[in-house]
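Visitor: Please show me the sequence and the structure, and then let us discuss how some of the elements are arranged.

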Amino acid sequence: MAAIDSAALNAIPLAPANRAPLAPEYPWPQGYKAAMFLSFDVDAETAWTAKDPARYGELVTMSYGGFEVRVGVPKLLEMLRQQELKATFFITGWSVEAHPAMCEAILKDGHEVGHHGFHHVMPIPGDPMLVEEVDRGLEVLKRRLGVVPKGYRAPSGESCEELRVLLKERGLIYSSSWRDDVRPYRHLLADGRPGLIELPVTMTYDDWLFGLSHRYSPRPMFEREHVLSIWKDELEETREWGGMVTTVLHPQCSGRPMRLKLLREFLEHARAYNDVWIATGEQIAAHFASCEAAG
Ligand SMILES: [Zn+2]
């Protein structure tokens, strides 16, 4: 085993990695007790090509991503119409180029479209690809869909200071990637400037963990009752706390028949509370910003 690099360890600042102040306890709008940020990550084939472009030639692997376009997204849109819910879809730029009709259908139903990188590449500090991923994503959303995104979700759930600064410079309003809270908060950049609003995520609602198995990420699938129990428990207690939950759902998983049934049941359960605000990221971030401005 390689020795631990003690010089590198000792170079780590003796300070928290996230120095943002604690989340303010703003009330939710219209008497709501808690919130749910209903969001989907539309990776399509980029979920599989980001780590190895040669996989584009592995057509069965690609078909996992292709399911989103052919079945997953249309079925989810139909279900959201039935439930009268609006959601946020974070879409990779590559997917917009390759599947414009799917993205137009999302917009046509009145959902929000957010930024999710171009090739779904994990940001590495100092790598020119980091800037390219953000700028190509912005360019294609504008050109193909006429969308200037307000929200950003980090591909592969990772970020760094360089990316935080870049997102602010490019005019993004909110990020939904961090795992460290149950309420929205304002990022604090390393230079002391305020950053984006964070709508934090929990792995509890990442469907990939429960329902998608592949030879590159083999895992047993969880049964519906098991996942529903986890999802309901997290929501129930978060509601008591007056917090928010964020879903990270992938149409290549939650667009499958069994998974869609599970999601529908969970959303019906959440709606039945009548005091959980099920909203898009744009709505939640705008609410936060208005509370912040009012002091
Ligand atoms: Zn993704």
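Guide: Helices α6 and α7 are roughly parallel to each other, that is, at an angle under 35 degrees. This is a predicted model, in which local features need pLDDT of at least 70, side-chain atom pairs count only at pLDDT 80 or more, and totals for chains, interfaces and linings use all residues. Residues are numbered from 1 along each chain as its sequence is written.

Visitor: At roughly how many degrees do the axes of α6 and α7 cross?

Guide: Helices here are DSSP runs of H or I with at least four residues, and strands are runs of E with at least two. Axes are lines fitted to C-alpha atoms over the stretch in contact, with angles from 0 to 180 degrees between N-to-C directions. The axes of α6 (residues 128-145) and α7 (residues 161-169) come within 11 Å, and the crossing angle is roughly 30 degrees.

Visitor: Is R143 buried or exposed?

Guide: R143 is located in helix α6. A residue is buried with 20 or more other C-beta atoms within 10 Å of its own, exposed with 12 or fewer, and partly exposed in between, with C-beta atoms placed from the backbone. Because R143 has 12 C-beta neighbours inside 10 Å, it counts as exposed.

Notes:
Parallel < 35°, antiparallel > 145°, perpendicular 65-115°, else oblique.
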